[in-house]
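User: I would like to learn how to read helices, loops and packing in a model. Please take me through them one feature at a time.

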Amino acid sequence: MSKPLRLICCLALALATACGRIEPPVADGRLVVAVRETPAFFQQREGTVASGFEHDLVTAFAVSIGLKAHFIKAADPYELNDLALAGRVHLAASMPLGNGSLQYSIPIRSVSQWIVGYADVLGPGKMSDLAGQTIEVVAGSTLADTLRGLDEQSRPLVVEVPGVNEMELLARVAERKAALVAVHDINLDLGVNFHPELNPLLQLPGKLEFGWAFGADGADELRAKADAFIAAARADGTLARIHDRYFGHIKRINAEGIAKFLDDTRTRLPNWRHHFQSAQELSGIDWRLLAALAYQESHWNPLATSPTNVRGMMMLTEDTADLLRVKNRLDGAESIRAGARYLAQLVDQIPASAEHPDRLWLALSAYNLGMGHFRGARAIAKKMKRDPDVWYEMKQVLPQLARPEIYARLKSGAARGGEAVIMVENIRSYYDILRRFEPAHDAPFSTQPAFRQRELPRSRPSMAAAPQEP
């Protein structure tokens with residue numbers, strides 16, 4: 001459908017449904033939000049709590065104005081725009097700014113645009129190489145407008161694929177179902193974690209800014225509140241922390257490392273899957289997280305041994321093994337059970353003021369450092385005006401434990417805190433991959449509560465200045 005015709009249809013829809021426009025947020029008692037379901041931005045599997053960058057940010061905004069967010073899923077960018085234009089929602093999330101007849105917030109994030117192909121594809125290498133090429137985009141995406149707006153010497157044939165998000169579009173390239181696709185950089189970074197054979201070929205000119213769109217009656221006041229919230233969230237670190245929660249770890253492992261991990265999940269993991277699932281029933285911790293931890297520690301090698309005599313699948317120290325009454329650290333099944341119990345104990349020792357998933361990432365860093373060094377790092381964080389309950393803050397503090405002027409003040413002494421950060425970020429990447437490709441384990445006979453994701457209960461004020469661009 002052409003852009004002018006699309007606009008006419010949208011205006012007709014808005015006029016036809018004017019009587020069905022939503023009440024203002026205060027009168028309605030909730031903030032109704034249109035959002036697309038796409039990995040890391042908004043996800044809600046059956047029976048689980050919703051999560052994602054847009055979910056957490058919108059939820060924090062709703063809390064700041066005394067409301068509860070209610071999400072409506074849109075099938076594609078077209079429907080996202082239509083819902084806002086017709087006044088059926090109070091705001092639409094993840095909208096490109098300045099497109100159409102809506103009002104917009106100040107920018108939340110900016111993205112670059114890429115042409116992506118398979119690893120063995122050599123081109124296109126310059127804009128003129130796009131001429132005559134077929135490039136797939138998500139239906140309704142502004143990438144279609146970008147490509148169709150190129151000069152005639154560079155203009156490709158654009159195919160809008162309905163019913164998919166950018167991650168699914170990238171999967172089409174990985175499966176050789178599409179030769180070239182156009183996506184935003186943040187989705188490309190996510191996609192490479194799952195499909196290392198993806199090859200970013202050409203960056204398109206310019207950047208796009210995304211924010212929230214408003215179309216309901218009386219949207220001026222709500223937009224002003226949103227602008228104030230976004231500005232404050234950028235200044236106090238809320239925006240940077242939420243960004244780090246979903247994207248801070250995605251570029252830690254290179255394509256070769258991801259490819260090796262995926263190969264090992266096919267060849268090594270099947271031998272140990274049952275043991276990780278049994279450990280979940282023992283500890284309440286997702287078996288895929290335990291498997292990610294074990295891979296970071298030993299690459300699923302039950303006989304692994306370090307020069308410092310840390311040994312086994314979960315790389316337990318001799319003292320930790322004695323504490324957990326482990327008879328043989330090189331027994332893979334015993335090591336997995338012990339490592340799971342140890343991690344669960346560490347989670348319990350993290351103050352309850354730390355929220356999920358930060359509490360889990362903090363516990364993983366203590367798994368590497370030991371609780372003594374971790375407590376010392378918390379003390380340093382408080383002195384540095386950092387929040388010791390937030391992983392985004394602590395991963396900037398932990399490397400300080402290797403500095404003489406810092407560790408000289410700690411009873412626990414020096415520690416390689418930077419290595420702990422790398423370990424946790426790698427585990428987060430492996431865990432993301434396993435959650436995408438491996439099913440969850442239903443543990444009906446578990447004696448331990450599962451560590452489940454919970455809704456973001458509040459916007460936590462930062463204790464330090466955060467980056468201006470997440």
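User: Which residues of α16 are buried?

Analyst: Begin with the terms. Buried means under 20% relative accessible area, exposed means over 50%, and partly exposed lies in between (1.4 Å probe, protein chains only). Helices are DSSP runs of H or I with at least four residues, strands are runs of E with at least two, and both are numbered from the N terminus. In α16 (371-383), the buried residues are Met 371, His 373, Phe 374, Gly 376, Ala 377, Arg 378, Ile 380 and Ala 381.

User: What kind of model is this, and how are residues numbered?

Analyst: This is a predicted model, in which local features need pLDDT of at least 70 and side-chain atom pairs count only at pLDDT 80 or more, while totals for chains, interfaces and linings use all residues. Residues are numbered from 1 along each chain as its sequence is written, and side-chain values use heavy atoms, with hydrogens and water left out.

User: What do the buried residues of α16 pack against?

Analyst: Contact means heavy atoms within 4.5 Å. The buried residues of α16 pack against α14, α15, α17 and α18 (404-407).

User: How do I check the span of α16?

Analyst: The expected span of a helix is 1.5 Å times one less than its number of residues. With 13 residues, α16 should span 18 Å. The end C-alpha atoms of α16 are 19 Å apart, which agrees.

User: What follows α16?

Analyst: Lys 385 follows α16. Its phi is positive, about 65 degrees, although Lys 385 is not a glycine. Lys 385 sits in the loop between α16 and α17 (391-397). At a relative accessible area of 56%, Lys 385 is exposed.

User: Where does Arg 325 lie, and what is its phi?

Analyst: Arg 325 also has a positive phi without being a glycine, near 60 degrees. Look for Arg 325 in the loop between α13 (318-323) and α14. Arg 325 counts as exposed, at 75% relative accessibility.

User: What does Gly 215 contact?

Analyst: Gly 215 is in the loop between β9 (198-214) and α8 (219-236). It is buried, with a relative accessible area of 19%. Beyond neighbours within four places in sequence, Gly 215 contacts Arg 21, Ala 84, Leu 85, Gly 87 and Leu 102. Gly 215 and Asn 81 are 134 residues apart in sequence, yet 9.1 Å apart in space, C-alpha to C-alpha.

User: Which peptide bonds are cis?

Analyst: Read omega. Pro 124 lies in the loop between β5 (109-118) and β6 (134-138). Another cis bond runs from His 356 to Pro 357, with omega near 5 degrees. Pro 357 lies in the loop between α14 (332-349) and α15 (358-369).

User: How are two packed helices described?

Analyst: Two packed helices are described by the angle between their axes and the distance between the axes. Axes are lines fitted to C-alpha atoms, for helices over the stretch in contact, and angles run from 0 to 180 degrees between N-to-C directions. Helix α6 (residues 166-174) and helix α7 (residues 185-194) pack at about 50 degrees, with axes 10 Å apart. Angles under 35 degrees count as roughly parallel, over 145 as roughly antiparallel, 65 to 115 as roughly perpendicular and the rest as oblique. α6 and α7 are therefore oblique to each other. Glu 166, Met 167 and Leu 170 in α6 meet residues of α7 that include Leu 188 and Phe 194.

User: What about the core?

Analyst: In soluble globular proteins, nonpolar side chains tend to be buried together. A nonpolar core is a set of buried Ala, Val, Leu, Ile, Met, Phe, Trp, Tyr and Cys residues joined through side-chain atoms within 4.5 Å. The largest one here has 114 residues, of which Trp 212 and Phe 276 touch the most other members. Helix α19 (residues 417-437) gives this core its largest share, nine residues.
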